[in-house]
Amino acid sequence: MQLLDGKKTSEDIKNEIAVQVQKMKADGQKVPHLAAVLVGSNGASLTYVGSKVRSCQQIGFESTLVSLAEDITEVELLAKIKELNEDDDLDGFIVQLPLPKHIDEQKILMAIDPDKDVDGFHPTNFGKMALEMETFLPATPYGIMELLARYKVETAGKHTVIIGRSHIVGRPMSILMSRKGYPGDSTVTLTHSRTKNIEEFTRNADIIITALGVPNYLKADMVKEGVVVIDVGITRVDDASHPKGYIITGDVDFENVSKKAAFITPVPGGVGPMTIAMLLKNTLLARELKRKK
């Protein structure tokens with residue numbers, strides 16, 4: 001069994017980007033500038049955004065944190081997004097989800113200029129991804145593809161089973177794994193909460209990518225020997241024996257499934273760190289595409 005180490009791989013990617021940024025500076029070019037919009041003070045969102053800002057500093061990007069009040073109106077938020085769209089100094093920006101319930105997330109994401117949509121959520125970029133055109137890929141699926149590539153996991157002709165059909169992970173993952181080229185050329189089955197006898201699919205899978213958010217859902221008797229397992233799930237589970245009072249758990253019963261797997265991602269330290277690294281890679285691409293215009 002080989003661990004797909006997202007923590008190490010993400011650091012490698014950040015170091016590679018940092019070298020490119022140094023070269024841009026030496027050539028007198030503008031360095032990439034990423035902004036993050038944070039509405040309210042959701043604890044998890046604060047952590048994620050803080051991590052993104054620190055990563056920008058680490059590799060030499062400019063970064064801006066746009067903190068907005070929890071009770072901001074939808075109209076006011078749309079006005080702020082218009083302002084960011086028109087800010088020529090800014091190469092890309094993200095709106096940290098979830099947003100407060102009184103704001104329509106879809107309307108906000110649709111308002112982002114596709115050329116600055118480094119999260120890859122805008123329908124224009126999603127469509128380009130499906131048509132195999134150059135675009136910003138959603139960061140988590142992009143990170144998974146990068147992990148598979150860097151560890152030279154064979155994907156051509158393999159049966160990939162994806163558990164979960166969210167627009168952030170499951171659905172884009174199903175498109176990416178079936179696209180031509182490497183990693184890709186896979187035969188994909190997209191399963192979800194309405195799929196009957198899901199273990200019949202998982203037992204025949206060469207690659208399983210699970211993004212359910214159900215702790216220890218995938219058991220050893222649901223997979224075959226030599227399977228590749230990518231665990232996107234991340235759930236805080238109460239544990240009185242732990243100093244923090246909780247542990248972070250994935251969708252996979254790691255202890256037992258890892259005994260049968262050829263490759264497997266840990267939680268934490270697997271897919272999570274890759275997401276931020278690929279967001280930075282998208283921002284670098286945004287700067288390059290802007291420069292070519």
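Start at Val39: its bridge partner in β3 is Leu68. Strands and helices here are DSSP runs, numbered from the N terminus (E, at least two residues, for strands; H or I, at least four, for helices). Residue numbers count from 1 along each chain as its sequence is written. The model is predicted, so local features need pLDDT of at least 70 and side-chain atom pairs pLDDT 80 or more, while totals for chains, interfaces and linings use all residues; side-chain values use heavy atoms, without hydrogens and water.

**The sheet**

Now select β2, residues 33-39, together with β3. The two pair in the parallel sense over 7 bridges. Pairing means that DSSP finds at least two bridges between two strands. Strands of a sheet pair through backbone hydrogen bonds, either parallel or antiparallel.

The 3 strands form an open sheet in the order β3-β2-β4, with parallel pairing. β3 (62-68) and β4 (92-95) are the edge strands; each has a single partner strand, so one side of each is left without a neighbour in the sheet. From one strand to the next, the twist averages 15 degrees.

Next, show helix α2, residues 43-59. It packs on the sheet and touches β2, β3 and β4. Contact means heavy atoms within 4.5 Å. The direction of α2 makes about 165 degrees with that of β2. Axes are lines fitted to C-alpha atoms, for helices over the stretch in contact; angles run from 0 to 180 degrees between N-to-C directions.

**Lys80**

Move to helix α3, residues 74-86, and pick Lys80. Which residues does Lys80 contact, leaving aside neighbours within four places in sequence? They are Val66 and Leu68. Now compare Lys80 with Val37: the two are 43 residues apart along the chain, and their C-alpha atoms are separated by 9.3 Å. Lys80 counts as partly exposed, because its relative accessibility is 22%. The classes are buried under 20% relative accessible area, exposed over 50%, and partly exposed in between (1.4 Å probe, protein chains only).

**Two cis peptide bonds**

Go to the loop between β4 and α4 (105-111), where Pro98 lies. The peptide bond from Leu97 to Pro98 is cis, with omega near 0 degrees. Then jump to the loop between β11 (261-264) and α10 (271-292), and select Pro268. A cis peptide bond joins Val267 to Pro268, with omega about -5 degrees.

**Two positive phi values**

Select Lys152, in the loop between α6 (139-150) and β5 (159-163). Phi of Lys152 is near 55 degrees, positive in a residue other than glycine. Lys152 is exposed, at a relative accessible area of 70%. Asn216 is the next stop, in the loop between β7 (207-210) and β8 (227-231). Its phi is also positive, near 55 degrees. Is Asn216 buried or partly exposed? Asn216 is partly exposed, with a relative accessible area of 31%.

**A charge over a ring**

Finish at Arg236 and Tyr246. The charged end of Arg236 sits over the ring of Tyr246, 4.0 Å from its centre. The criterion is NZ of Lys or CZ of Arg within 6 Å of the ring centre and within 35 degrees of the ring normal.
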